[in-house]
Amino acid sequence: MRTGGADRQREWQRPWWQGLLCGLMLWLVGAAQADEPVRVAVIIDDMGDHRALGERTVDLPGPITCSVLPHTPHARPLAEACYRAGKEVMLHVPMQAKNGADRGPGGVDIHMDQAAVEQAVADDLAAVPHVRGVNNHMGSLYTRHPGNMRWFLEALRAEGDYYFVDSRTTPRSVAGQVAQETGVPALDRHVFLDHDRDEDTIRYHFRRLVRLAERTGYGIAIGHPYPETLAVLEEVLPELAGAGIKLVPVSRLVELHGQEEENSHE
Ligand SMILES: [Zn+2]
């Protein structure tokens, strides 16, 4: 049995080594945070229909990510140009929208059987060179159907080592969850830059992306090759480094965060 004196001594001893340990841990956490840059990725999708706007996208400063619509007139040369400029290429797969809007050539709808989905995924991938990952064009109907999304993601996984970004065109999308179940690394889009093509509004959404990334460590935005969006990005992208924010290709964020729980943002 311990004496009261020994207990008092232990009480007295506890603070100094606990304090030291606590201080050391705080220092380590602080050092880790200081070393860990804030990262953002910017996807410009709907590329392939317009040559000049596509080329202006290719010329944007830094590693933005180009997402190209399959079977569009300029898909192949623009994907090649993005790749040559050191930018990552994604395939922008058209998926059925709930309003029945024309989604353009290629892609998937909920009336297709599994074999047709597999064929569409293979054809779309063959139409765009250098693809590292996929995000959905439209898809407010398709992405809410788990069975169809499973066929799509299983077909994608069978074709190779691709990631998936859920564009989140509907809050009811199950794409991220199904990707996790299917073993396809996936992330969600956080911010749409240009639902409204007004330049001040685009700047506002870019600031939202930066604030979100500062809070959580990273953020993904999607924009389009509109003259307004390109003008704002030409202005704000060169300012990122000065603000301590690193522009990275989407694959880098997938590598770092693709296994985390989906829908942890917003
Ligand atoms: Zn799109």
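Helices here are DSSP runs of H or I with at least four residues, numbered from the N terminus. With that in hand, here's a quick tour of the side-chain links in this predicted model. The count comes to one disulfide and 13 salt bridges.

**The disulfide**

- Cysteine 66 and cysteine 82 pair up, with their sulfur atoms 2.2 Å apart.
- This pair links distant parts of the chain: cysteine 66 sits in strand S2 (residues 65-68) and cysteine 82 in helix H3 (residues 75-84), 16 residues apart.
- The link is left-handed, with -95° about the S-S bond.
- Buried or exposed? Cysteine 66 counts as buried, because its relative accessibility is 0% and the cut-off for buried is under 20%.
- Cysteine 82 is buried as well, with a relative accessible area of 0%.

**Within helix H2**

- Arginine 51 and glutamate 55 meet side chain to side chain in a salt bridge, at 2.9 Å from N to O.
- Both residues belong to helix H2 (residues 51-58), and they are four residues apart, about one turn of the helix.
- Arginine 51 is partly exposed at 37% relative accessible area, and glutamate 55 is partly exposed at 36%.

**From helix H2 to helix H8**

- Arginine 56 and glutamate 234 form a salt bridge too, at 2.8 Å from N to O.
- Arginine 56 is in helix H2 and glutamate 234 is in helix H8 (residues 227-236), so this pair ties together parts that are 178 residues apart in sequence.
- How accessible is arginine 56? It counts as partly exposed, at 29% relative accessibility.
- Glutamate 234 is partly exposed, with a relative accessible area of 34%.

**Within helix H5**

- Glutamate 154 forms a salt bridge with arginine 150, and their closest N and O atoms are 4.0 Å apart.
- You'll find both in helix H5 (residues 146-159), four residues apart, which is about one turn of the helix.
- Glutamate 154 has a relative accessible area of 28%, so it is partly exposed.
- Arginine 150 is partly exposed too, with a relative accessible area of 30%.

**A salt-bridge network**

- Which residues are linked in a network of salt bridges? They are Glu199, Asp200, Arg203 and Glu235.

Technical notes
Residues are numbered from 1 along each chain as its sequence is written. This is a predicted model: local features need pLDDT of at least 70, side-chain atom pairs count only at pLDDT 80 or more; totals for chains, interfaces and linings use all residues. Side-chain values use heavy atoms; hydrogens and water are left out. A disulfide is a pair of cysteine sulfur atoms within 2.5 Å. Helices (H or I, at least four residues) and strands (E, at least two) are DSSP runs, numbered from the N terminus. Buried means under 20% relative accessible area, exposed over 50%, partly exposed in between (1.4 Å probe, protein chains only).
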